[in-house]
Amino acid sequence: MTGPILLAPDKFRGSADAAAVARALRAGIQDVDPGAAVVEVPVADGGEGTVDAALRRGFRAVSVTVRGPLGDPVEAVVAVRDGTAVVELAQASGLALVGDRRDPLAATTVGTGQLVAAALDAGCTRIVLGLGGSATTDGGAGLLQALGATLRDAGGAVLRPGAGHPLAVASVDVTGLDPRLRGAQVVVATDVDNPLLGARGAAAVFAPQKGASPEQVAVLEAALDRWAGLLGRPAADLAGAGAAGGVGYAALAALGATVRPGVEVVLQLVGFAGLLAGARLVVTGEGALDEQSAGGKAPVGVARAAAAAGVPVVAVAGRVDLAPDRLHALGFTRAYALTDREPDPARCLADAPRLLREVGREIARDLAAGAGPAA
């Protein structure tokens, strides 16, 4: 085939965002084949990079100043096109915003609610809420406060935005939610299917990543359990309710949201199916390709879409922990690991752009030689 090569990587966390990964791969491919047609279409799974992916495919940016997870003002962007808005929780309530100030008992999603309000202000009636990379375990309480819900403590006092953590909430009134939400469709895009509570829930699985001690995990679990009793327990058991510290739950219980695999939503937003027509190869990847990748991460979603269109797909990752037969079962014809070139993890992270360019050259040489699946 003589069609284009599609570069559809996700971010390599800690070393390069998805766009930088695509640029480095393109440079390597064109080092070997200067005339190669290459299309860069960075993707995401609902977390960091979701808005950027939309902006690269024709959405326009709406800049907003919102409240960060610990109260500091942060600059964020909503991607808007034809009545659809893409909101990325990580931009307003993300772990990357707190640095070493992690405070799982105080971090709030108020800023994410402000982004949703900005989408409504822009006239959007379909809101894609990308969940991932959060600093919070507030069950989406801050999100709902920012959208008009009233939360009260045990004494009946109204909790101010940011103080409405489930730890303090005794009652919730959602009748004041922005009336524009009734005419809006909210789609939660996430790569996890965890419920709100229990051994696979938001506190047990994800709060430790946000700095919670075992004792704090128990406190958060009890608070979320009480929160579920206030807002509606059935939604707590749904797949995706535990996403982003329980924001998925608040969206399901109070906003009537639907949950979809994040990469599928992003691929639809960027028009990936149309780009596949006539392509000769798809290159995807992320920082680590392992069993967790099979549970909803972007590269596997890309591989499935490519396979459905009959286009071969190869993976590039900082580290590949899957055996060849498992890679093939997931749809990859070949996988390239940066650690094969630089085994030291710290150097691999620091030198990712150079190593990705080397991989791009290897991909181009293998493609020219008609190389088959990796042994």
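**Cavity**

I started with the largest cavity of this predicted model, and about 30 Å³ of space lies in it. The structure holds one cavity of 30 Å³ or more. My working terms: on a 1 Å grid over the protein atoms alone, a cavity is a set of points where a 1.4 Å probe fits but cannot get out, while a pocket is an open set with protein on both sides within 12 Å along at least five of seven lines; a lining residue has an atom within 4 Å of a point. Grid points are joined across faces, edges and corners, and the volume is the space filled by probe spheres set on the points.

I listed the lining of the largest cavity as A106, A107, T108, D138, A141, G142, Q145, G162, G164 and H165. By class, that lining has three nonpolar, six polar and one charged residue. For the classes I count Ala, Val, Leu, Ile, Met, Phe, Trp, Tyr, Cys and Pro as nonpolar, Asp, Glu, Lys and Arg as charged, and the others, Gly among them, as polar.

Bookkeeping: residues are numbered from 1 along each chain as its sequence is written, and side-chain values use heavy atoms, with hydrogens and water left out. Since the model is predicted, local features need pLDDT of at least 70 and side-chain atom pairs count only at pLDDT 80 or more, but totals for chains, interfaces and linings use all residues.

Next I looked up the largest pocket, which holds about 1,200 Å³ of space. Its lining comes to 44 residues, and R13, D191, Q209, Q292 and K297 lie nearest the centre. Which elements give two or more residues to this lining? I found α6 (202-206), β11, β12 and α13 (345-350). Helices (H or I, at least four residues) and strands (E, at least two) are DSSP runs, numbered from the N terminus. The pocket lining splits into 14 nonpolar, 16 polar and 14 charged residues.

**Sheet**

I then traced an open sheet of five strands, ordered β2-β1-β11-β12-β13, with parallel pairing. Two strands pair if DSSP finds at least two bridges between them. At the edges I have β2 (38-40) and β13 (334-337), each pairing on one side only. From one strand to the next the twist averages 25°. Angles run from 0 to 180 degrees between N-to-C directions, with axes fitted to C-alpha atoms, for helices over the stretch in contact.

Strand β1 (residues 5-9) is joined to β2 by three bridges, and L7 stands opposite E40 in β2. Helix α11 (residues 298-308) packs on the sheet and touches β1, β11 (281-289) and β12 (313-320), at about 160° to the direction of β11. Helix α14 (residues 352-369) also packs there, touching β1, β11, β12 and β13, at about 150° to β13. Contact here means heavy atoms within 4.5 Å.

**Single residues**

I checked K11, in the loop between β1 and α1 (18-32). Is K11 buried or exposed? K11 is buried, because its relative accessible area is 14%, and buried means under 20%, exposed over 50%, partly exposed in between (1.4 Å probe, protein chains only). Leaving out residues up to four places away in sequence, K11 touches A16, D17, A18, D45, E48, E286 and G287.

Last, backbone angles. Most residues other than glycine have a negative phi. D82 has a positive phi of about 50° and sits in the loop between β4 (73-81) and β5 (84-88); at 75% relative accessibility D82 is exposed. A244 has a positive phi of about 55°, in the loop between α7 (214-231) and α8 (247-255), but A244 is buried at 11%.
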